[in-house]
Amino acid sequence: LSPLHVTWLSYIFLFCLSIVPLKDIEDVEGDQLHGSRNFLALLGMNRLLSISLAGLVAAIALVILADLNLAITVVLIALPAAIFALIAAFILFKLPRKRLYRSILVMVAVLALLFAINSLVFGGSL
């Protein structure tokens with residue numbers, strides 16, 4: 001693997017590791033019904049959100065330290081930064097945590113759509 005491949009794979013790993021455990025927030029009752037302990041039950045809400053935020057910061061730091069070209073750096077930082085801001089908004093405004101994961105999915109879809117439109121209109125690519 002080249003250093004660029006290691007950077008991409010590490011970024012994707014950190015990003016996914018930061019987001020996927022948040023899915024458990026929506027299905028606490030279902031997991032309890034089946035006797036399954038999810039990340040929320042194991043860590044608690046505050047620790048789970050803190051770990052997710054730390055993982056997103058680590059993904060951003062990785063991109064910055066990798067010294068990639070500016071266009072790639074901006075795109076790769078935008079995704080975890082936007083989700084970091086979304087999680088922070090849920091915490092600060094005490095929004096219903098059960099809607100957090102769905103909101104993250106919508107955010108990812110919107111950012112992907114914006115990137116696709118930008119690529120079509122301006123001919124940009126990574």
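**Exercise 1. Find how many salt bridges there are, and which residues form them.**

The count comes to one salt bridge, where a salt bridge is a side-chain nitrogen of Lys or Arg within 4 Å of a carboxyl oxygen of Asp or Glu. Next, look for the partners: R102 pairs with E26, and their closest N and O atoms are 3.2 Å apart. Then place them on the chain: R102 lies in helix α6 and E26 in the loop between α1 and α2, so this pair links distant parts of the chain, 76 residues apart.

Residues are numbered from 1 along each chain as its sequence is written, and side-chain values use heavy atoms, with hydrogens and water left out.

**Exercise 2. Work out where confidence is lowest and where it is highest.**

Start with the average: the protein chain has a pLDDT of 89, and 93% of the residues score at least 70. pLDDT is the predictor's confidence in each residue, from 0 to 100. Now go helix by helix: confidence is lowest in α2 (residues 28-33), at a mean of 68, and highest in α4 (residues 45-66), at 96. Where pLDDT is low, the predicted coordinates should not be read in detail.

**Exercise 3. Describe the secondary structure.**

Count the elements: there are six helices and zero strands. Both are DSSP runs numbered from the N terminus (helices H or I, at least four residues; strands E, at least two).

**Exercise 4. Explore the largest nonpolar core.**

A nonpolar core is a set of buried Ala, Val, Leu, Ile, Met, Phe, Trp, Tyr and Cys residues joined through side-chain atoms within 4.5 Å. The largest has 23 residues, and those touching the most other members are I19, L22, I25, I83, I87, L100 and I104. Two or more residues come from each of α1 (3-19), α4, α5 (70-92) and α6 (100-122). Of these, α5 gives the most, with seven residues. To finish, zoom in on L100: leaving out residues up to four places away in sequence, L100 touches L22, I25, L49, I87 and F90, a contact being heavy atoms within 4.5 Å.

Definitions and conventions: This is a predicted model: local features need pLDDT of at least 70, side-chain atom pairs count only at pLDDT 80 or more; totals for chains, interfaces and linings use all residues. Buried means under 20% relative accessible area, exposed over 50%, partly exposed in between (1.4 Å probe, protein chains only).
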